[in-house]
Amino acid sequence: MDITFGDKDLKKYANNDRLAVRKLGPKRAQVFKQRLDDLRAADTLEDVRHLPGRYHELTENRKGQWSCDLDHPYRLILTPHEDPIPSNAAGQYIWFEIKGVEVIAIVNYHKKR
């Protein structure tokens, strides 16, 4: 799968293990790299759907984005390259047709503000 980065720092972390460990911590950096490896090895988003990391579609103000677990409570946020996102007549996204993603953030979106 094709992976791009919407955040220049995340791109740096993906390409520099020492920097990733320093900025993310050892556990989050390790899981971040594993998720990227899983995505690179996949042909479509469907290929990672049932891998560790609990890949899932987000809703409400994050509709059109996907999330996967890093270290609790942090998540890796992705958006498909496809525009519009492939969907069926019922409005469900077709994971088999998503062949590229942009990594946009690492967040704790459950954090109370």
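**Salt bridges and a helix pair**

Trainee: Which residue forms a salt bridge with D37?
Mentor: A salt bridge puts a side-chain nitrogen of Lys or Arg within 4 Å of a carboxyl oxygen of Asp or Glu. Here the closest N and O atoms are 3.6 Å apart. The partner of D37 is R40.

Trainee: What kind of model is this?
Mentor: Residues are numbered from 1 along each chain as its sequence is written, and side-chain values use heavy atoms, with hydrogens and water left out. Local features need pLDDT of at least 70, side-chain atom pairs count only at pLDDT 80 or more, totals for chains, interfaces and linings use all residues, and the model is predicted.

Trainee: In which helix do D37 and R40 lie?
Mentor: Helices (H or I, at least four residues) and strands (E, at least two) are DSSP runs, numbered from the N terminus. D37 and R40 are 3 residues apart, about one turn of the helix. Both lie in helix α3.

Trainee: How many residues apart are R28 and D71?
Mentor: R28 sits in helix α3 (residues 26–41). D71 sits in the loop between β3 (66–69) and β4 (75–80). The pair links distant parts of the chain, and its separation in residues is 43.

Trainee: Does R28 count as buried or exposed?
Mentor: Buried means under 20% relative accessible area, exposed over 50%, partly exposed in between (1.4 Å probe, protein chains only). R28 has 16% relative accessibility, so R28 counts as buried.

Trainee: Which residue forms a salt bridge with R75?
Mentor: R75 is buried, at 7% relative accessibility. The closest N and O atoms of its bridge are 3.0 Å apart. The partner is D69.

Trainee: Are α1 and α2 parallel or oblique to each other?
Mentor: Helix α1 (residues 8–15) and helix α2 (residues 17–24) pack at about 125°, with axes 5 Å apart. Axes are lines fitted to C-alpha atoms, for helices over the stretch in contact, and angles run from 0 to 180 degrees between N-to-C directions. Under 35 degrees is roughly parallel, over 145 roughly antiparallel, 65 to 115 roughly perpendicular, and the rest oblique. So α1 and α2 are oblique.
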